[in-house]
Amino acid sequence: MQEVRRRGMEAALATWSPEDLGRLAELFGRLVDDFVRHAEIEIDGRPASVPPGTGT
């Protein structure tokens, strides 16, 4: 399954310019960084590393 996805991604990006691929890599890195940062915060705004009922 992973091989099929990899080949599909290669085919989809085959005609992209080096500049477009670089921009994609830059934005994807930003997306991952933002996702990780937001995933560490629970719905009530408390960091996920702080157990419920312990304050901050």
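## About the model

The model is predicted, so local features need pLDDT of at least 70 and side-chain atom pairs count only at pLDDT 80 or more, while totals for chains, interfaces and linings use all residues. Residues are numbered from 1 along each chain as its sequence is written, and side-chain values use heavy atoms, leaving out hydrogens and water.

## A nonpolar patch

Let's start at the surface, where Trp16, Leu21, Leu24, Phe28, Leu31, Val32, Phe35 and Val36 form a nonpolar patch with about 750 Å² of accessible area together (Shrake-Rupley method, 1.4 Å probe, only the protein chains shown counting as cover). Patch residues have over 30% relative accessible area and no salt bridge; nonpolar side chains (Val, Leu, Ile, Met, Phe, Trp, Tyr) are joined within 5 Å, like charges within 9 Å.

Leucine 31 sits in helix α2, residues 18–39 (helices are DSSP runs of H or I, at least four residues, numbered from the N terminus). With 52% relative accessibility, leucine 31 is exposed (exposed is over 50%, buried under 20%, partly exposed in between; 1.4 Å probe, protein chains only).

## Salt bridges

There are five salt bridges in the structure (a side-chain nitrogen of Lys or Arg within 4 Å of a carboxyl oxygen of Asp or Glu). In helix α2, arginine 37 pairs with aspartate 34 at 2.2 Å, and these two residues are three apart, about one turn of the helix. Arginine 37 is partly exposed at 45%, as is aspartate 34 at 25%. Elsewhere, shared partners link Glu3, Arg6, Arg7 and Glu10 into one salt-bridge network.
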